[in-house]
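The following report is intended for a reader who is new to this structure. Please consult the sequence and the model alongside the text.

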Amino acid sequence: MTTKGLWIDGRLRYGGDWNPEQWPPEVWHDDVALMRAAGVDLVTVGVFAWSRLEPAPGRYTLDWLDRVLDLLHDNGIQVALATPTASPPPWFTSAHPGAMPVTADGVRLHHGSRDTYCAAAPAYRAAARGIAQVLATRYAHHPALALWRVHNEYGTTCHCAHAEAAFRRWLRERHGSLDALNDAWVTSFWGQHYADWAQVGAPRATQYLANPGQLLDFRRFWSDTLLCAYTEQRDLLRAANPAVPITTNYVLGDWVPVDHARWAREVDLVAVDHYPSRVDGGAEEQTALAADLARGWARHGAGRPAPWLLMESAPNQIHVPGRMHTKEPGRMTRHSLAHVARGSAGVMFFQWRAPAGGAERFHSAVVSHAGADTRVFREATRLGAALGRLAETTPGRVQAAVAIAYDAASGWALRHPGMPRDGLDHPGEVAAAHRALWHAGITTDLITPGDPLDGCRLLVLPALYLAADATVDWVRRHVHAGGHLLVTWLSGVADTHARIRLGGYPGAYRDLLGVRVEEFHPLADDERAPLTGGGTGRIWSETVHLTGAETVTGYLGGVLDGRPAITRHRVGDAHTWYVSTRPDQDTYRRLLTDAARLAGVEATCPAAPPGVEAVRRRDGDQSWLFLLNHTDRTQRVPATGHELLTGEPVTDAVTVAPGGVAVLREARR
Ligand code: GAL
């Protein structure tokens, strides 16, 4: 990943998706005037406009887009120009029914929504390159163009004959020979040995449990295939003007077959969309998690801290199970600034103006169905002004000394059928560890196995199921260099092909942890394992034998009574912890606080009261402290410096309004 000049130009970008193709030109002028009033300086255009840009194969109608880009430029607003390839026009479906996706059950899908194509189908790829090339040729040097946004949220898969043929090619490349594939997939089990490449297929619906190696490779194949679909567009856009940065917006979620860390090497800027799915404090926890993930991916691609961008977020209602939840006044601002605190180069919304119809007619927008004389528009305008006042924080690097490892493939592998328990969830365990640290006030990096660990005092591996040999070496090097380690259940159990590492769990890390796990005791959803010290474990428990470690917390009652639940071991200067169950939230918070303290790590702002999130960014000897008050009470935080949002000096304590935010330029020490 290279970071081109635009993103480190010392300001925070503000805007969102705008769909002028849905409106007559009079509305464009109103919208641009409103954007200026709100302080918007970057809008994404054209995401779903393919049928308006190419109404018939090879016939292009670009005049309207010329006018839109000129209008924005005349008003000092830059453009993230999208390639519209996430929503092919109806003519494409009619002309290429064989490029429509097929589910694992063999059902072919039809036009009617978006994202309905097989990204391995040559006809789709050719059409996508075609429209991208037309846009590149026409707009690569347009003065409004600041960023190319390729596609929208890559994430669809398919099981059709095109996908299957591409999967075979990918497997040949990955495994080299059929013998190696048979070995990796352990096809000796259930007599699945393949004698010819032609016998190897996509994992379609089958009678009983599917082969885990095949399922895992199919996910990896789709991540790589979608990445090729991205890079081929990127390369032609880049050829048209190498100075313009190029990205694609990541969507987060368990269903996404994309290894975002790998993709980070191919984008000029990591861009993420984030829509919390919870209403209570969980939304704030999810926001911090998403921002820390994005920062980690940006660093992974760059090999050093690099900016990233919140590319989409909801200005008001968010979808929560069964309904939409209207964000309380101030919450949109707080969520937006939580992303900025953790490194986002700006705030972008989906969407600018609410559509008059279509599938997402009730999705929130800055300009809602009620117009701009609204609380949301006024809040958005105040946010635009606030971002202007925070520009000086952009060089600041987020300070964190604890890192949690996240690995997309471990998440996929744990989801396979035939595991000792349903619902095993690496991203969920990453979130649980992150949440515990968040409640402890400890800022955390989220990293990819193999990332540099300089500055990391405590590395956390939450259910990091797969352990490639290189990952094991990476963890070992960290510990032998004096770095502390905390490993939770189901980590290191399998190798990179999801084959079990034998000799007792957690195979890869037994010696580092000084434990050997003999058997699992998965818990039912409503079951709790009482622990010494008053807490409980859920989801999982294990028979743990000590082979050097000491017991920190034991199981109480049941077949595991008196046996170790949480252990600690000493390896040189480092402490290594093993956690064989999922502790309740309070126990987990205390455990991670203890592990961090032993590693020499304290809360980011120990004086911050409960419910006030603190993130520090630093550039040389200058630091900025972001304080986000998630409570409904006024809070005071002892500090000295200068509050940027009010412009007031702070001599002993900063006051943060209920649900509000303060950003302090701290006095230099
Ligand atoms: C995003 C997507 C947008 C819109 C939004 C709704 O994931 O990119 O187009 O659908 O979700 O929340």
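## Packing of α14 and α17

In α14, the residues Ala 432, Ala 433, Arg 435, Ala 436, Leu 437 and His 439 meet Gln 585, Tyr 588, Arg 589 and Leu 592 of α17; contact means heavy atoms within 4.5 Å. The residues of this contact comprise six nonpolar, two polar and two charged. In this division, Ala, Val, Leu, Ile, Met, Phe, Trp, Tyr, Cys and Pro count as nonpolar, Asp, Glu, Lys and Arg as charged, and the others, Gly among them, as polar.

Helix α14 spans residues 426–439 and helix α17 residues 585–598; their axes lie 8 Å apart, and the packing angle is about 70°. The two helices, α14 and α17, are therefore roughly perpendicular to each other. Angles under 35 degrees count as roughly parallel, over 145 as roughly antiparallel, 65 to 115 as roughly perpendicular and the rest as oblique. Axes are lines fitted to C-alpha atoms, for helices over the stretch in contact, and angles run from 0 to 180 degrees between N-to-C directions.

## Basis of the report

This is a predicted model, in which local features need pLDDT of at least 70 and side-chain atom pairs count only at pLDDT 80 or more, while totals for chains, interfaces and linings use all residues. Residues are numbered from 1 along each chain as its sequence is written, and side-chain values use heavy atoms, with hydrogens and water left out.

Helices (H or I, at least four residues) and strands (E, at least two) are DSSP runs, numbered from the N terminus.

## Domains

The chain is divided into domain 1 (13–158 + 221–390), domain 2 (402–598) and domain 3 (612–666); these bounds come from an automatic or database domain assignment. The centres of domain 1 and domain 3, taken over C-alpha atoms, are separated by 32 Å. Between these two domains, 13 residues of domain 1 are in contact with 13 residues of domain 3.

## Packing of α6 and α8

Helix α6 (residues 161–175) and helix α8 (residues 212–240) cross at roughly 100°, and their axes come within 10 Å. Consequently, α6 and α8 are roughly perpendicular to each other. Among the α6 residues that meet α8 are Phe 167, Trp 170 and Leu 171, and the α8 residues in this contact include Phe 218, Phe 221 and Trp 222. The contact of α6 with α8 divides into eight nonpolar, two polar and four charged residues.

## Buried positions

Helix α11 (residues 331–341) is mostly covered, with 11 of its 11 residues buried; buried means under 20% relative accessible area, exposed over 50%, and partly exposed in between (1.4 Å probe, protein chains only). After α11 comes Gly 343, which has a positive phi near 115°.

Thr 44 lies in strand β2 (residues 42–45). Its relative accessible area is 0%, so Thr 44 is buried. Leaving aside neighbours within four places in sequence, the contacts of Thr 44 include Trp 18, Arg 149 and Met 348. Thr 44 and Trp 18 are 26 residues apart in sequence, and their C-alpha atoms are 5.9 Å apart in space.

## Strand pairing

An open, antiparallel sheet is formed by three strands in the order β18-β19-β24; two strands pair if DSSP finds at least two bridges between them. Its edge strands, β18 (529–530) and β24 (582–583), each pair on one side only. Strand β19 (residues 536–538) is joined to β24 by two bridges, and Gly 537 stands opposite Pro 583.

Strand β27 (residues 635–638) has Gln 635 and Val 637 on its covered face, and Arg 636 and Pro 638 on the uncovered one. Four bridges pair β27 with strand β30 (residues 653–656) in the antiparallel sense; the bridge partner of Pro 638 in β30 is Ala 653.
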